[in-house]
Amino acid sequence: MKKKSLEFKKFSSAWGFTIINSSPNYPKSNGLAEKDVGIAKMLIRKSTHEKQDLELYLLNYCNAPITGLQCTPAQLLQSREVRSKMNVVHRKKLFKPVIQNCVEKMRDSKRKQALYYNRGANINISCFEEGEKVYMQDKWTKNWHEGKIIKKLKEPRSYLVKDRNGRMLRRNTSFLKKIGIRKQIRVEGEREEYGKLSNEEHYNKICNQTYQKEDRTRIGRKVVKPKKLDL
């Protein structure tokens, strides 16, 4: 373990908080932090373009209502809005502290997000058993190689996988596929060629196969031109 990682673990233990690591090479698993970074970049870009104070943009953002909660970040933190040029007229009403209880609304919002996301996610294909052989994608070459599921981690859709070089890697199900599930491409005359290849080469060739628009469609069917003008 690196020295900085050990120091951070000691820091979390001293202050009593839990470290939750996101999935490697999968920014979607850390969507809240990614969104916060995007908002910060947007504020900096706009303030630079308008040549105005960045703190003024941050102040207006703190007074802007959050979608689905009908309350602002300043109200959640301080139980009242902060003074700005936009709300100075209604200072007596807005600056009076009012406790905002939005915990249940925030939990319901997260449940709805998880529900809608799980509808589109194919849970049956994304479930693997311990000791099962799978294909895992290399993050640099984008090729697929055989690996083995060691165990399922407590994080959602996350597994500990052993690659062909014996390394233990944590991977999201987006980078894992079952060996029995392959894309079926109907191409005549290529079955014999695929039979001479190994499983990994066969799978990579199917996934990376590209065809010219004038000869093949996206699913591999042969394009037959009309013979109406062939006199």
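Glu-132 and Lys-178 form a salt bridge, with 3.2 Å between the closest N and O atoms; the term means a side-chain nitrogen of Lys or Arg within 4 Å of a carboxyl oxygen of Asp or Glu. Glu-132 sits in the loop between helix 6 and strand 1 (133–137) and Lys-178 in strand 5 (residues 176–178), so this pair ties together parts that are 46 residues apart in sequence. Helices (H or I, at least four residues) and strands (E, at least two) are DSSP runs, numbered from the N terminus. Lys-178 is buried, at 19% relative accessible area. Here buried means under 20%, exposed over 50%, and partly exposed in between, with a 1.4 Å probe and protein chains only.

Before going on, a word on the source. This is a predicted model, in which local features need pLDDT of at least 70 and side-chain atom pairs count only at pLDDT 80 or more, while totals for chains, interfaces and linings use all residues. Residues are numbered from 1 along each chain as its sequence is written, and side-chain values use heavy atoms, leaving out hydrogens and water.

How many salt bridges does a search of the whole structure find? Five. One of them joins Glu-155 to Arg-170, with the closest N and O atoms 4.0 Å apart. Glu-155 lies in the loop between strand 2 (144–152) and strand 3 (158–162), and Arg-170 in strand 4 (residues 168–172), so the linked parts are 15 residues apart in sequence. Glu-155 is buried, at 17%, and Arg-170 is buried at 17% as well.

Glu-104 pairs with Arg-107 in a salt bridge, at 3.5 Å between the closest N and O atoms. Both are in helix 6 (residues 103–120), three residues apart, or about one helical turn. Glu-104 is partly exposed at 46%, and Arg-107 is partly exposed at 45%.

Next, the surface. Phe-8, Phe-11, Trp-15, Phe-17 and Ile-19 form a nonpolar patch with about 530 Å² of accessible area together. Patch members have over 30% relative accessible area and no salt bridge; like charges are joined within 9 Å, and nonpolar side chains (Val, Leu, Ile, Met, Phe, Trp, Tyr) within 5 Å. Areas come from the Shrake-Rupley method with a 1.4 Å probe, and for residues only the protein chains shown count as cover. Phe-17 is in the loop between helix 1 (3–15) and helix 2 (31–50), and is partly exposed at 35%.
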